[in-house]
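Have a look at the model first, then we'll go through it question by question.

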Amino acid sequence: MSALRLLGLPKLGLPLRITGTVAWVGRSWPLPPPHRAMSQYITEERGLPCSDQYRLYFKTTAGHYISPFHDIPLKTESKEENGIPTKKARTNDHEAVFNMVVEVPRWTNAKMEIATKEPLNPIKQDIKKGKLRYVANIFPHKGYIWNYGALPQTWEDPHHKDPTTNCCGDNDPIDVCEIGSKVRARGEIIQVKILGILALIDEDETDWKLIAISVDDPEASKFHNIDDVRKHKPSYLEATLDWFRLYKVPDGKPENKFAFNGEFKDQDFALQVIESVHKCWKALLHKKADGGDINCINVQVCDSPFCCSEEEARSIVQSAPTTINEDSNSKEDEDIHRWHFIKK
């Protein structure tokens with residue numbers, strides 16, 4: 001436990017969970033081991049799951065808190081980037097490999113996301129109209145049908161109009177649908193190769209959805225482009241299109257629309273989009289773009305004016321709310337077990 005030491009004990013009543021153990025002041029017990037490989041990063045939970053005060057913070061194995069949005073490198077190729085040594089993932093070819101932050105494990109319903117407007121950008125559950133958000137089960141699916149997350153060090157600029165979709169960005173890191181066979185853990189950092197991309201248009205904003213597979217998946221060697229998904233996982237892309245088209249309908253909203261008539265673009269196109277949103281992120285971190293309420297505090301982007309010290313980062317986490325509001329929602333929405341049947 002020396003490498004996973006607690007960097008600040010919570011007040012009584014705050015659960016603090018680190019890689020397989022829940023620790024309360026004066027009390028702890030084991031949890032089922034998380035389903036994740038050895039990683040350079042570990043996570044720390046604060047607040048109760050299924051509550052509006054739940055946060056999942058990230059830190060290195062040395063115990064230094066970081067931002068998953070800004071401090072985890074986009075690519076895994078270099079030996080060091082922004083001061084963080086990176087582990088090169090093994091592949092059988094020369095494909096570019098990217099880090100992915102898993103926000104939502106497959107088959108779950110809670111709409112978890114990187115908190116882009118909070119210091120150090122922990123993962124939290126999205127809230128709308130005062131209620132925790134869950135995605136509905138649309139027959140025959142249960143929750144998210146892939147491991148869902150984002151690429152770090154990317155940003156879809158809401159002031160930049162994409163020339164291919166004619167819409168501006170959605171103000172978030174670019175989303176990833178990981179289609180491998182493993183159910184990943186929330187907060188897990190995995191290495192993925194990009195296969196293609198879908199352009200969802202959400203309320204007149206471009207909301208890109210990358211299609212990727214983890215390089216450690218048993219079948220990863222079969223997948224090199226979007227056509228390989230059609231070949232080896234038939235109907236998965238059609239199900240993905242239906243999922244994004246319909247997932248808001250149970251909430252009384254219209255079906256979502258897509259650029260390119262819902263066509264999945266290939267790997268080359270996807271890599272160009274990633275390059276573009278990475279450049280937007282660089283501009284954001286160097287005050288060359290208007291980020292609005294986006295919180296750019298980081299620990300490892302040393303030439304950024306938003307870079308803070310390790311001690312300042314630790315203070316941010318320790319100053320996070322440490323009590324559970326009696327009025328906060330700490331119960332999973334029972335409606336997540338309901339199936340919705342929608343005529344297609």
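Q: How many aromatic pairs does the count come to?
A: This is a predicted model, where local features need pLDDT of at least 70, side-chain atom pairs count only at pLDDT 80 or more, and totals for chains, interfaces and linings use all residues. Residues are numbered from 1 along each chain as its sequence is written, and side-chain values use heavy atoms, with hydrogens and water left out. Rings of Phe, Tyr and Trp (its six-membered ring) pair if their centres lie within 6.5 Å; planes under 30 degrees apart are stacked, over 60 edge-to-face, and the rest tilted. By that rule, the count comes to 16.

Q: Is the pair of Tyr144 and Trp243 stacked, edge-to-face or tilted?
A: A pair of aromatic rings is described by the distance of the centres and the angle of the planes. Here the centres of Tyr144 and Trp243 are 5.2 Å apart and the planes sit at 40°, so the pair is tilted.

Q: How many residues apart are Tyr144 and Trp243?
A: Tyr144 sits in the loop between β14 (137-138) and β15 (147-150), while Trp243 is in helix α2. Helices (H or I, at least four residues) and strands (E, at least two) are DSSP runs, numbered from the N terminus. The pair thus links distant parts of the chain, and the separation is 99 residues.

Q: Is Trp243 buried, partly exposed or exposed?
A: Buried means under 20% relative accessible area and exposed over 50%, with partly exposed in between (1.4 Å probe, protein chains only). Trp243 has 6% relative accessibility, so it counts as buried.

Q: Which residue has its charged end over the rings of Phe260 and Phe269?
A: A charge sits over a ring if NZ of Lys or CZ of Arg is within 6 Å of the ring centre and within 35 degrees of the ring normal. The charged end is 4.6 Å from the centre of Phe260 and 5.7 Å from that of Phe269. The residue is Lys265.
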